[in-house]
Amino acid sequence: MGITTYAKFRQNLKAFLDKIITDHSPLYVTRTSREDVEVLSKTDYESMQETIYLLNSPKNGERLLKGIREFEKGVGEENNLIE
């Protein structure tokens, strides 16, 4: 995650936004008189929201985490999608 000041963010808005989208990395913008903010791409925000939704159910979260652990161990098999 990058960090910049509000003034630098305003001066280089396009470059910062392009980098946020390209790198899929949020940018932390500090402000002196108000609360700091974090800027991230719409795609990354939606991905976070989907993850939160999927992990919201304890049973579903447990199944997903089990699948991740199995994948990391090399256990499991690849299946083609039926169209």
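In which helix is Asp-44 found? Asp-44 is found in helix H3; helices (H or I, at least four residues) and strands (E, at least two) are DSSP runs, numbered from the N terminus. The model is a predicted one, in which local features need pLDDT of at least 70, side-chain atom pairs count only at pLDDT 80 or more, and totals for chains, interfaces and linings use all residues. Residues are numbered from 1 along each chain as its sequence is written, and side-chain values use heavy atoms, with hydrogens and water left out.

Asp-44 has a relative accessibility of 17% and therefore counts as buried. Here buried means under 20% relative accessible area, exposed over 50%, and partly exposed in between (1.4 Å probe, protein chains only). Neighbours within four places in sequence set aside, Asp-44 is in contact with Ile-20, His-24 and Ser-25. Contact means heavy atoms within 4.5 Å. Asn-12 lies 32 residues from Asp-44 along the chain, and their C-alpha atoms are separated by 21 Å.

One of these contacts, His-24, sits in the loop between helix H2 (13-23) and E2. Its phi is positive, about 50°, although His-24 is not a glycine. Most residues other than glycine have a negative phi. His-24 counts as partly exposed because its relative accessibility is 48%.

The strands form an open sheet of three, in the order E1-E2-E3, with mixed pairing. Two strands pair if DSSP finds at least two bridges between them. Strand E1 (2-5) and strand E3 (37-39) are the edge strands, each pairing on one side only. Neighbouring strands are turned by 30° against each other on average, direction ignored. Axes are lines fitted to C-alpha atoms, for helices over the stretch in contact, and angles run from 0 to 180 degrees between N-to-C directions.

E1 pairs with strand E2 (residues 27-30) in the parallel sense, over four bridges. Within this pairing, Thr-4 has Val-29 as its bridge partner in E2, and Thr-5 has Thr-30. E2 and E3 pair in the antiparallel sense, over three bridges. A hairpin of six residues joins E2 to E3. Val-29 also stands opposite Val-37 in E3.

In a regular strand the side chains alternate between the two faces of the sheet.

Helix H3 (residues 42-56) packs with helix H4 (residues 58-73) at an angle of about 110°, the axes being 5 Å apart. H3 is therefore roughly perpendicular to H4; angles under 35 degrees count as roughly parallel, over 145 as roughly antiparallel, 65 to 115 as roughly perpendicular and the rest as oblique. On the H3 side, Leu-54, Leu-55 and Asn-56 meet Pro-58, Asn-60, Gly-61 and Leu-64 of H4. The contact residues divide into four nonpolar, three polar and no charged. Ala, Val, Leu, Ile, Met, Phe, Trp, Tyr, Cys and Pro count as nonpolar, Asp, Glu, Lys and Arg as charged, and the others, Gly among them, as polar.

A search of the whole structure finds one aromatic pair. Phe-9 and Phe-16 form this tilted pair, 5.9 Å centre to centre, with 40° between the planes. Rings of Phe, Tyr and Trp (its six-membered ring) pair if their centres lie within 6.5 Å; planes under 30 degrees apart count as stacked, over 60 as edge-to-face and the rest as tilted. Phe-9 counts as buried because its relative accessibility is 13%.
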